[in-house]
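Have a look at the model first, then read on.

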Amino acid sequence: MAFRNLMNKKTLGRGLGLGLNHVRGLQTVSLPDLAYDYGALEPAISGEIMKIHHQKHHQAYITNYNKALEQLDDAITKGDASNVVKLQSAIKFNGGGHVNHSIFWKNLTPVSEGGGEPPKGSLGEAINTHFCSLEALVQKVNAEGAALQGSGWVWLALDKDAKKLVIETTANQDPLVTKGPTLVPLLGIDVWEHAYYLQYKNVRPDYLKNIWKVINWKYASEVYEKVCP
């Protein structure tokens, strides 16, 4: 995830001498590069979808998040408490969109790079323990994703306190942390229509069925093993 300090957006010494660095610790974000070409996930996900999804949708969340941060800095500088509160929804929605998509791109990889290969090691064992089999996990994730009303995400997560794998769904662009601070995202699947409509129309179950062919279980395993070494 690429960052640049907010203080670089405006020169210091303006007005009362407070630039954008007045929002302590907040940083704007930029679009991350993908580790594969847009067409590398075909036929599971078309190159056209990937290009639009990455360049248009993810970029829009980033643009709007950065804009909201600048507005937040201005509101704090002016002591405008009403606007500070008002901006929280835009920050959550667009910031969540950036966080979620940054995970999503890493959850995918071409078949030639191991996409769809079943998880091994400790994550594979944990899946068998908590869901009986990988096939049972896939069926449950697909069912949860297909049943999610409107737009959102379906997640395979690790509850790091309970040391247990769980499946969760989040609405819109809510990040997984909104369901609990102990949940670590291992795998997130975007079930917004923009993730599949150009290829699968309104048949979300077909998209969910095929995306497993390019799931990057190696990445999910690396995240799991960092938390449960």
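C132 sits in the loop between α4 and α5, and its phi is positive, about 80 degrees, although C132 is not a glycine. Helices here are DSSP runs of H or I with at least four residues, strands are E runs of at least two, and both are numbered from the N terminus. Keep in mind that this is a predicted model: local features need pLDDT of at least 70, side-chain atom pairs count only at pLDDT 80 or more, and totals for chains, interfaces and linings use all residues. Residues are numbered from 1 along each chain as its sequence is written, and side-chain values use heavy atoms, with hydrogens and water left out.

- Some background: most residues other than glycine have a negative phi, and most peptide bonds are trans.
- C132 counts as exposed because its relative accessibility is 67%; the cut-offs are buried under 20% relative accessible area, exposed over 50%, and partly exposed in between, using a 1.4 Å probe and protein chains only.
- K163 is not a glycine either, and its phi is positive, near 55 degrees.
- You'll find K163 in the loop between β3 (152-159) and β4 (164-171), and its relative accessible area of 46% makes it partly exposed.
- Where's the cis peptide bond? It joins E42 and P43, with omega about 5 degrees.
- P43 belongs to the loop between β2 (27-30) and α1.

**The annotated site**

- The UniProt record, an unreviewed entry, puts its "binding site" annotation on H53, H101, D190 and H194; UniProt positions follow the numbering used here, feature names are shortened, and annotations may be inferred rather than shown by experiment.
- Those residues span 142 residues in sequence, yet no two of their C-alpha atoms are more than 12.3 Å apart, so they gather at one spot.
- H53 is part of helix α1 (residues 47-78), and with a relative accessible area of 1% H53 is buried.
- Which residues does H53 touch, leaving aside neighbours within four places in sequence? H58, H101, F104, W105, D190, H194 and A195 are in contact with H53, where contact means heavy atoms within 4.5 Å.
- H101 comes from helix α3 (residues 88-106) and is buried too, at 0% relative accessible area.
- Not counting residues up to four places away in sequence, H101 contacts H53, H58, Y61, W153, Q173, D190 and H194.

**N100, in helix α3**

- N100 is found in helix α3, and at 0% relative accessibility N100 counts as buried.
- Its contacts, again without residues up to four places away in sequence, are W153, W155, Q173, D174, P175 and L176.

**How the helices pack**

- Two packed helices are described by the angle between their axes and the distance between the axes.
- Helix α5 (residues 134-147) packs with helix α7 (residues 204-211) at about 150 degrees, axes 9 Å apart; axes are lines fitted to C-alpha atoms, for helices over the stretch in contact, and angles run from 0 to 180 degrees between N-to-C directions.
- That angle makes α5 roughly antiparallel to α7; under 35 degrees counts as roughly parallel, over 145 as roughly antiparallel, 65 to 115 as roughly perpendicular, and the rest as oblique.
- The α5 and α7 crossing is right-handed, a term for the near helix being turned clockwise from the far one by less than a right angle, with left-handed for anticlockwise.
- N142, G145 and A146 of α5 make the contact with R204, P205, L208 and K209 of α7.
- Sorted by class, the contact of α5 with α7 has 3 nonpolar, 2 polar and 2 charged residues; Ala, Val, Leu, Ile, Met, Phe, Trp, Tyr, Cys and Pro count as nonpolar, Asp, Glu, Lys and Arg as charged, and the others, Gly among them, as polar.
- Helix α4 (residues 121-131) and helix α8 (residues 217-227) pack at an angle of about 90 degrees, with axes 8 Å apart, which means α4 is roughly perpendicular to α8.
- Here S122, L123, A126 and I127 of α4 meet W217, A220, S221, Y224 and E225 of α8.
- The contact of α4 with α8 has 6 nonpolar, 2 polar and 1 charged residues by class.

**The whole chain**

- The protein has 8 helices and 5 strands, running along the sequence as β-β-α-α-α-α-α-β-β-β-α-α-α.
- Of its 229 residues, 46% count as buried.
- Among contacts with a separation of 6 or more, 68% are between residues 24 or more positions apart.
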